[in-house]
Amino acid sequence: MVDLENLLNFAESHMLNPELKDGIHGVKHWRRTAMIADMINKRAFYPNDIMAAPVIEMASVFHDIGRVSDAADPTHGYGGAGWLLKISTKNWDIRNNIQATAWGKVLDILIHHCEPGPGTFPEMQVVKDADKCDRFRLSEEGPDPSRLALNVTRDMLPEIKKFVRGNL
Ligand SMILES: [Fe+2]
């Protein structure tokens with residue numbers, strides 16, 4: 001997670017709609033989503049996988065960057081992926097930690113993170129679950145457990161709730 005603050009700063013300074021910065025899908029939500037995803041990832045699939053962690057971190061930070069509104073914004077996944085693809089051709093350094101073969105996963109997660117369903121590969125499942133778990137920022141109830149992809153996330157809900165409510 002060494003690059004998290006750098007990635008967050010980069011994302012914040014390139015927002016499609018800077019007015020959303022402090023909103024419910026803004027920078028604090030990106031940071032918590034990345035940190036929850038890291039917690040889940042360490043417990044679930046890839047505690048030592050050098051490929052998965054950077055993919056999960058980057059997709060978590062950028063997953064909502066395509067938003068133009070905090071209301072229903074059904075195409076923001078495509079918007080974010082298109083933006084990241086374009087910006088990464090001018091800023092190769094943000095891809096430093098992502099192996100070429102894993103880059104498509106980041107884009108895939110951005111495109112599909114807001115669709116219903118558990119996600120189609122483990123890194124996507126981790127990010128989608130983390131995004132849902134940050135619903136604890138909105139209410140004590142948090143996410144609907146039946147909509148989470150991973151049993152490990154369901155098991156972690158009490159500690160995730162504590163983390164989110166302590167980092168609003
Ligand atoms: Fe989100």
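Predicted model: local features only at pLDDT ≥ 70, side-chain atom pairs only at ≥ 80, totals over all residues.
Reader: Which helix is N9 found in?
Author: Residues are numbered from 1 along each chain as its sequence is written. Helices (H or I, at least four residues) and strands (E, at least two) are DSSP runs, numbered from the N terminus. On that numbering, N9 sits in helix α1.

Reader: Is N9 buried or exposed?
Author: Go by C-beta atoms, placed from the backbone: 20 or more others within 10 Å of a residue's own makes it buried, 12 or fewer exposed, and anything in between partly exposed. N9 has 12 other C-beta atoms within 10 Å, so it counts as exposed.

Reader: And how far is N9 from V27 in space?
Author: Along the sequence, these two are 18 residues apart. In space, C-alpha to C-alpha, the gap from N9 to V27 is 8.9 Å.

Reader: Is G23 buried, exposed or partly exposed?
Author: G23 is in the loop between α1 (4-13) and α2. With 15 other C-beta atoms within 10 Å, G23 comes out as partly exposed.

Reader: What should I make of D64, and which residues is it in contact with?
Author: D64 lies in the loop between α3 and α4, and it is buried because 29 other C-beta atoms lie within 10 Å. H76 is twelve residues away in sequence, yet its C-alpha atom is 6.9 Å from that of D64. Contact means C-beta atoms, placed from the backbone, within 7 Å. Leaving aside neighbours within four places in sequence, D64 touches H25, H29, W30, H76 and G80.

Reader: At roughly what angle do the axes of α3 and α5 cross?
Author: Axes here are lines fitted to C-alpha atoms, for helices over the stretch in contact, with angles from 0 to 180 degrees between N-to-C directions. The axes of α3 (residues 52-62) and α5 (residues 103-112) come within 9 Å, crossing at roughly 35°.

Reader: Which residues make that contact?
Author: From α3 come V55, M58, A59 and F62. The α5 side of the contact supplies K105, V106, I109 and L110.

Reader: What do the buried residues of α5 pack against?
Author: The buried set in α5 is K105, V106, I109, L110 and I111. They pack against α3, α4 and α6.

Reader: How far apart are the end C-alpha atoms of α7?
Author: The expected span is 1.5 Å times one less than the number of residues. Helix α7 has 15 residues (151-165), so it should span 21 Å, and the model agrees, with its end C-alpha atoms separated by 22 Å.

Reader: What covers the buried residues of α7?
Author: T153, M156, I160 and V164 are the buried ones. Their cover includes α2 (27-43) and α6 (122-133).

Reader: Which element has the highest mean pLDDT?
Author: pLDDT is the predictor's confidence in each residue, from 0 to 100. The protein's mean is 91, with 96% of its residues at 70 or more. Among the elements, α4 (residues 76-90) has the lowest mean, 90, and the highest, 98, belongs to α7.

Note on methods. Contact = placed C-beta atoms within 7 Å.
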